[in-house]
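Biologist: I'm new to reading structures. Could you walk me through this one, a feature at a time?

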Amino acid sequence: MTPFKLFKVKPEERVQAVVVLTVIVILNALFIYRMHDLFMQPGFGPYWKAFERELHLSGYDPLTYLGVTDWDVVYQVYRHPLLSFLIWPFWLLNQGLTALFGVNCVQYIVALPVMACSFYSYIFLYRIHREVIELERWDATLLTAYYFSFAYILLSVIVPDHFTISMFLLLITLYISGVCIKKGREFRWWQSAILFYITAGVTLSNGIKVFLSGFFVNLRDFFRPKYLLLAVILPAALLWGTATWEYQQYVLPKEKVRAELKVKKAEELKARVAQMTDKEKEQFEKRKAKRQEVLRRQAAKTGKPMENHGFLKWTDISTSRWQSVYENLFGESVQFHQQHFLEDTLVHRPVFVPYDWIWSYVVETVVVLLFIVGIWCGRRSRFLWLCLSCFGFDMFIHLILGFGLNEVFIMAPHFMFVLPIATAFLFQQNHGDWHNDCSVAKIRVPVPVILRLTLLLLTLYLFIYNGYLLTSFLLSPIHAII
């Protein structure tokens with residue numbers, strides 16, 4: 001697959017590609033219109049304050065806006081080793097446009113890669129359904145639209161964060177893997193090495209999915225010494241070296257300065273407190289207690305970690321797993337909660353928000369049932385097991401280790417595409433089988449018609465429900481949300 005052929009929109013994709021791109025552009029235009037008066041102020045100024053105070057999109061961070069406005073290593077280097085360098089060219093472009101027009105063009109610039117990744121995520125998921133699973137065009141289109149009707153997938157097309165980029169990279173990896181499995185081709189070591197370095201460079205945990213792709217495509221050949229050395233050990237070592245160099249070069253010096261400044265401020269505060277009157281000390285203690293209470297509430301929402309150092313400080317062993325599954329993982333990811341809409345868990349939103357209608361839980365049940373039955377129908381597919389292994393890895397880090405469990409729904413672009421892929425095998429099994437016998441009542445029912453009608457109604461409902469809430473938010477005055 002040459003890059004030109006890989007990214008060229010095929011004739012059968014053109015009509016839906018135009019529709020999808022139009023929707024993506026409209027949503028991004030609404031988001032830019034909503035925020036541009038604040039974010040396009042002339043001069044650089046304290047932009048980080050405006051971004052952090054005004055950008056309310058659930059738990060997504062405005063780090064990309066910060067980096068493109070005033071470049072620095074703004075991401076956690078061991079979790080996102082390459083992200084800061086990937087946005088560097090966009091910072092250069094923004095510098096030029098700012099000098100030319102006198103305003104910060106960060107929203108327009110960041111929207112370009114976000115829209116491109118959203119668009120090609122749709123295209124590659126459609127191709128997975130069409131070319132790998134071999135569904136009819138209508139079914140492939142319906143299942144792809146079904147995925148993009150999910151709440152946090154629809155939201156991801158405007159989010160100025162790394163999740164949309166990750167989704168695009170993971171779907172292109174799965175598409176290439178599926179084609180290789182279908183045609184009996186080998187996943188070449190250089191393909192794996194390049195995909196791992198870029199994919200893991202954007203989000204470290206997603207690199208594991210590239211290794212899983214290599215294993216499910218190559219099977220026993222994955223363990224050949226040459227492949228392990230060139231496709232696994234070498235790119236992993238190179239990426240770790242990149243992260244370590246980045247930390248030593250950019251992060252550590254700033255940490256030392258902050259540590260020295262913290263000590264200095266503590267000494268100054270101690271001297272100032274010593275000079276306070278009893279009444280001033282009492283007021284100071286009240287403010288201190290109030291700040292500590294805020295920090296305790298935030299800590300309670302993030303859960304109790306296994307350890308307070310290294311990667312284990314991001315774990316969570318106290319947040320309810322079961323409630324996380326039905327309210328957040330398969331709940332908020334698929335359908336927005338109306339209460340605390342798009343609020344940040346670390347600010348105002350509770351970890352768990354119940355739905356206002358019992359109907360929302362019924363819809364969630366249908367989504368999960370389609371997923372489970374699809375797994376059973378595709379249980380003999382090596383490609384489906386690849387997708388499920390990727391999904392299982394995400395469930396391990398989120399539900400077992402508890403990483404990001406308090407806001408697992410914002411991670412939806414990393415794994416929710418497995419739901420329509422699994423459901424596709426239910427369509428595949430009933431392809432062309434217009435009537436199936438019911439094993440109990442021995443009656444004949446039009447299974448394909450029921451499946452398509454169910455998924456069509458589900459997709460339309462999710463688009464209307466999620467789309468209404470999202471567009472209402474984008475069209476509302478900013479002061480009504482803050």
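Biologist: How much accessible surface does the chain have, and what share of it belongs to carbon and sulfur atoms?

Modeller: Accessible areas come from the Shrake-Rupley method with a 1.4 Å probe, and for residues, only the protein chains shown count as cover. Here the accessible surface of the chain is about 23,800 Å², and carbon and sulfur atoms hold 66% of that. Keep in mind that this is a predicted model, where local features need pLDDT of at least 70 and side-chain atom pairs pLDDT 80 or more, while totals for chains, interfaces and linings use all residues. Residues are numbered from 1 along each chain as its sequence is written, and side-chain values use heavy atoms, leaving out hydrogens and water.

Biologist: How many helices and strands are there in the chain?

Modeller: Both are DSSP runs, numbered from the N terminus: H or I over at least four residues for helices, E over at least two for strands. This chain has 19 helices and 2 strands. Its radius of gyration (taken over C-alpha atoms) is 24 Å, close to the 23 Å from the globule rule for 482 residues, so the chain is as compact as a globular protein of that length. That rule is 2.2 Å times the number of residues to the power 0.38.

Biologist: Is Arg127 buried or exposed?

Modeller: Buried means under 20% relative accessible area, exposed over 50%, and partly exposed in between (1.4 Å probe, protein chains only). Arg127, in helix α7, has 0%, so it is buried.

Biologist: Which side chain does Arg127 join in a polar contact?

Modeller: A polar contact is a pair of N or O atoms within 3.5 Å; within protein, one must be able to donate a hydrogen and the other to accept it, and residues adjacent in sequence count only if both atoms are side-chain atoms. For Arg127 the partner is Glu13, at 2.8 Å.

Biologist: What does Leu399 touch?

Modeller: A contact means heavy atoms within 4.5 Å. Leaving aside residues up to four places away in sequence, Leu399 touches Arg321, Val325, Leu329 and Leu405. Leu399 sits in helix α17 and is buried at 17% relative accessibility.

Biologist: What about phi? Which value does His340 have?

Modeller: Most residues other than glycine have a negative phi. His340 has a positive one, near 60 degrees. His340 is in the loop between α15 and α16, partly exposed at 32%. Glu134 also has a positive phi, about 65 degrees, and lies in the loop between α7 and α8.
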